[in-house]
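I opened the model to look up a few positions, the salt bridges and some helix packing. My entries follow in the order in which I looked.

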Amino acid sequence: TILSRCQIFDFKRIGNDDIVEYLNFVAKEENLEVDQESLRLIAQKSDGAMRDSLSLFDRLCNWSEKTLSYKRVVKLLNVLDYDYYFKLTDYLLTQDFYEVLHVFNEIIENGYDCQEFVVGLAKHFRDLLVSKDSKTIILLETGENLQQRYLTQSQLCSIDFLLSSLNICNDVDVNYRNSSNQRLLVELMLLKLSSSNKITEKKKTSINTNKIDHENKNK
């Protein structure tokens with residue numbers, strides 16, 4: 001083939017913001033009630049493919065009778081709610097081993113896959129890391145409310161803790177399939193994550209205060 005006689009098209013993934021914008025347009029045209037976090041979750045699951053996002057959006061709307069909320073989408077897609085990751089990180093930061101294991105047990109009992117949990121936790125740490133600097137905050141593809149939660153929690157995490165946590169999660173993800181006791185592998189990971197964080201009483205008080213404030217808002 002003679003390249004000079006060809007038209008060359010370079011394709012790339014469609015950004016989550018663009019997908020959310022178009023899904024908002026479709027929802028308006030179809031008189032559907034949606035919230036932005038549910039659309040962002042659909043965009044993330046479609047991995048830059050507009051056709052997949054529209055197909056998923058259509059199925060979810062049919063199941064939800066033209067009303068789409070984040071909680072409903074999380075349940076239908078069997079996706080772990082980001083509240084679990086925020087709560088778990090708070091317990092990791094305060095080195096509350098028992099609550100860490102309790103939250104993980106709750107996740108298992110709700111039928112979520114352990115490896116997907118590990119991958120999701122690693123992504124949470126990654127998002128906290130990019131939230132620590134204004135130059136990288138643009139890499140955080142979330143809504144404004146969720147972005148603020150990441151900004152708040154990121155200030156409580158040291159860069160060393162986040163980098164160490166990412167490495168620990170990555171090692172478990174690589175070795176997960178070959179483990180003879182996968183649950184124990186993940187539990188040991190959580191204990192390592194908690195032990196790797198050095199915390200002062202002042203920071204511990206700040207973490208507990210933020211956690212209480214968020215729980216009050218939910219009420």
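**Entry: Gln115.** I looked up Gln115 and found it buried, at 12% relative accessibility; buried means under 20% relative accessible area, exposed over 50%, and partly exposed in between, with a 1.4 Å probe and protein chains only. The model is a predicted one, in which local features need pLDDT of at least 70 and side-chain atom pairs count only at pLDDT 80 or more, while totals for chains, interfaces and linings use all residues. Residues are numbered from 1 along each chain as its sequence is written, and side-chain values use heavy atoms, with hydrogens and water left out.

I placed Gln115 in helix α7. Helices (H or I, at least four residues) and strands (E, at least two) are DSSP runs, numbered from the N terminus. I then listed what Gln115 touches, leaving out residues up to four places away in sequence: Asp173, Tyr176 and Arg177. Contact here means heavy atoms within 4.5 Å. Gln115 and Asp173 lie 58 residues apart in sequence, yet their C-alpha atoms are 6.6 Å apart in space.

**Entry: Ser53.** I found Ser53 in helix α3, residues 50-64. Ser53 counts as buried, at 0% relative accessibility. Not counting residues up to four places away in sequence, Ser53 touches Ile19, Leu23, Ile42 and Ser46.

**Entry: the chain as a whole.** I noted 11 helices and two strands. From the N terminus on, the order of elements is α-β-α-α-β-α-α-α-α-α-α-α-α. The chain has 219 residues, and buried residues make up 39% of them. Of the contacts with a separation of 6 or more, 68% come from residues 24 or more positions apart.

**Entry: salt bridges.** How many salt bridges does the structure hold? I noted eight, a salt bridge being a side-chain nitrogen of Lys or Arg within 4 Å of a carboxyl oxygen of Asp or Glu. Side chains of opposite charge can pair when their charged atoms come close.

I looked up Asp17 with Arg40, whose side chains meet in a salt bridge at 2.9 Å, N to O. This pair links distant parts of the chain, with Asp17 in helix α1 (residues 16-29) and Arg40 in helix α2 (residues 36-46), 23 residues apart. Asp17 is partly exposed at 47% relative accessibility, whereas Arg40 is buried at 13%.

Next I took Asp83 and Lys71, which form a salt bridge with their closest N and O atoms 3.5 Å apart. Here too distant parts of the chain are linked: Asp83 is in helix α5 (residues 82-93) and Lys71 in helix α4 (residues 70-77), 12 residues apart. Asp83 is partly exposed, with a relative accessible area of 22%. I also recorded a network of salt bridges that links Lys71, Asp81, Asp83 and Arg149.

The side chains of Arg183 and Glu187 meet in a salt bridge at 3.1 Å, N to O. Both are in helix α10 (residues 182-195), and because they are four residues apart, about one helical turn separates them. I have Arg183 down as partly exposed, at 32% relative accessibility.

**Entry: packing of α5.** Two packed helices are described by the angle between their axes and the distance between the axes. Axes are lines fitted to C-alpha atoms, for helices over the stretch in contact, and angles run from 0 to 180 degrees between N-to-C directions.

I took α5 against helix α8 (residues 144-154): the angle is about 10° and the axes are 12 Å apart. The two are therefore roughly parallel; angles under 35 degrees count as roughly parallel, over 145 as roughly antiparallel, 65 to 115 as roughly perpendicular and the rest as oblique. In this contact Tyr82, Asp83, Phe86, Thr89 and Asp90 in α5 meet Leu146, Arg149, Tyr150 and Gln153 in α8. I sorted the residues of this contact into four nonpolar, two polar and three charged. Ala, Val, Leu, Ile, Met, Phe, Trp, Tyr, Cys and Pro count as nonpolar, Asp, Glu, Lys and Arg as charged, and the others, Gly among them, as polar.

Which angle does α5 make with helix α7? I noted about 75° for α5 and α7 (residues 114-130), with the axes 10 Å apart. That makes α5 roughly perpendicular to α7. From α5, Tyr85, Phe86, Leu88, Thr89 and Leu92 meet Glu116, Phe117, Gly120, Leu121, His124, Phe125 and Leu128 in α7. The residues of this contact divide into eight nonpolar, three polar and one charged.
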